[in-house]
Amino acid sequence: MKFCSFFHNDERRLGLIDDRRIVDLHKADPRDHFIDMVSLIRGGEDARQAAHAVAANAPDHVCLNIDTVQLAAPLLPSTVLCAGSNYHAHNAEKAGAPQSGKEPEFFLKTADCVIGPEDGIVHDPILTSKLDCETELAIVIGREGRHIAEADALAHVFGYTVANDVTARDRQVRRTPEGVVYYELGRGKAFDSSLPLGPVITTADAIPDPQALMLRTRINGELRQEACTADMLWSCAALIHFFSINLTLKPGMVILTGTPAGTAWSVDAELGGKWRPAPGLVAATRYCLPGDRVESEIDQIGTLRNLVVASSAK
C-alpha cells in the first residue's frame, strides 16, 4: 500500500493511493486512526487493514484524482535520525573525516527542516554558497523499541519514503590548522527546507528487501546519482539497531540511510572532492542555484520533485 498526506481546502488530510486516485480516509471513515499519518502508524496492522478495506469500497465522493491534489510531506517527524557516509561509492568521492566508514555518522534533523513535494528548497547565500542535494531512502518507524536486535529490526518498520538530505557543504566540511578534515553536521545539515520528504510512504510489506532498491537523482534532467541500496555500508536493519541503542524508536520517527556517489561535492577539489566517472552519470559543474529542478527517485516509492528558490531573507 501507498499512503500520502495531501491538502484539500487548505486542510491537511490522510490518503491511500489507489491507482490514479486518492481515497480520503477520514472522510470515508472518521475513526481516530485516520486523522493523520502518525495516527495511522500508531494504529498498527489493524489500522492498515481497515484503510485497505475502506479503499476497496470507497464511494466516489471520498476519492480525488491524484493529478488534481497538492501532496504534502507524508509526515512531520519529531525526530529524524541520520546516517552519513553510508555508501561505499560516496565515501570514495569525498574527503573523509576520521570516523568516516568506521561507524554511521550520527546527526539529527527535525520537523522544522521538512518540506513536501513541489515545495521550494531555499537557496540562502547568507547560509551557504555550496548547496548540495542527496537522494536517500528514508525508513519510517512503525513499532516502538529500544536495543532492537538487527535480526528483528525490519519488523519495526512501517514503510519507506524518499528523502533529499539537502546540505550546506561549506558549513559541513571543515579542516583543522593541521589539515585534518572534520564535519560540522549541525550547521551543515539542519536548516530551513533541508529535508524534502515524499511523495508517499510505501508500506514495508510491499518492500520486503530494502537493500535491493534503485535510487536516482536528476538535476535539470541530468542524471547525477544512480545506485542500489545494496551499496550501503550499514543496512537498514543495522541502522535501526544502531540508533535504538541511543533512543527508544517510536512510531513516526524517520531514519535517513545515506546517499550514494554523484553529489556536487565530488567535483569540488577545494573541499576534497574526487569525482569518479560512472556509466550514465553526468558530473556536476556547480552547486545548486535558484531555478534548478531536483528529482529524487526510488523504485517502488516514487519521485520527489522540488525547485530550488531564492531566499526572501534580508
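This is a predicted model: local features need pLDDT of at least 70, side-chain atom pairs count only at pLDDT 80 or more; totals for chains, interfaces and linings use all residues.

User: Where does Lys 109 lie?

Analyst: In strand β7, residues 105–109. Strands here are DSSP runs (E, at least two residues), numbered from the N terminus.

User: Buried or exposed?

Analyst: Lys 109 counts as buried because its relative accessibility is 1%. Buried means under 20% relative accessible area, with a 1.4 Å probe and protein chains only.

User: What lies by the polar atoms of the Lys 109 side chain?

Analyst: Two backbone oxygens. That of Lys 189 is 2.8 Å from a polar atom of the side chain. For Val 166 the distance is 3.2 Å.

User: New topic: how many cavities of 30 Å³ or more are there?

Analyst: The search of the whole structure gives 3. A cavity is a set of points on a 1 Å grid over the protein atoms alone, where a 1.4 Å probe fits but cannot get out.

User: How much space is in the largest cavity?

Analyst: About 110 Å³, as the space filled by probe spheres set on the points.

User: Which residues lie nearest its centre?

Analyst: Gly 84, Ser 85, His 90, Glu 134 and Lys 189, out of 19 lining residues. Lining residues have an atom within 4 Å of a point.

User: And the volume of the second largest cavity?

Analyst: About 60 Å³. Its lining includes Asp 132, Arg 224 and Tyr 287.

Methods:
Residues are numbered from 1 along each chain as its sequence is written. Side-chain values use heavy atoms; hydrogens and water are left out. Helices (H or I, at least four residues) and strands (E, at least two) are DSSP runs, numbered from the N terminus. Buried means under 20% relative accessible area, exposed over 50%, partly exposed in between (1.4 Å probe, protein chains only). A polar contact is a pair of N or O atoms within 3.5 Å; within protein, one must be able to donate a hydrogen and the other to accept it, and residues adjacent in sequence count only if both atoms are side-chain atoms. On a 1 Å grid over the protein atoms alone, a cavity is a set of points where a 1.4 Å probe fits but cannot get out, and a pocket is an open set with protein on both sides within 12 Å along at least five of seven lines; lining residues have an atom within 4 Å of a point.
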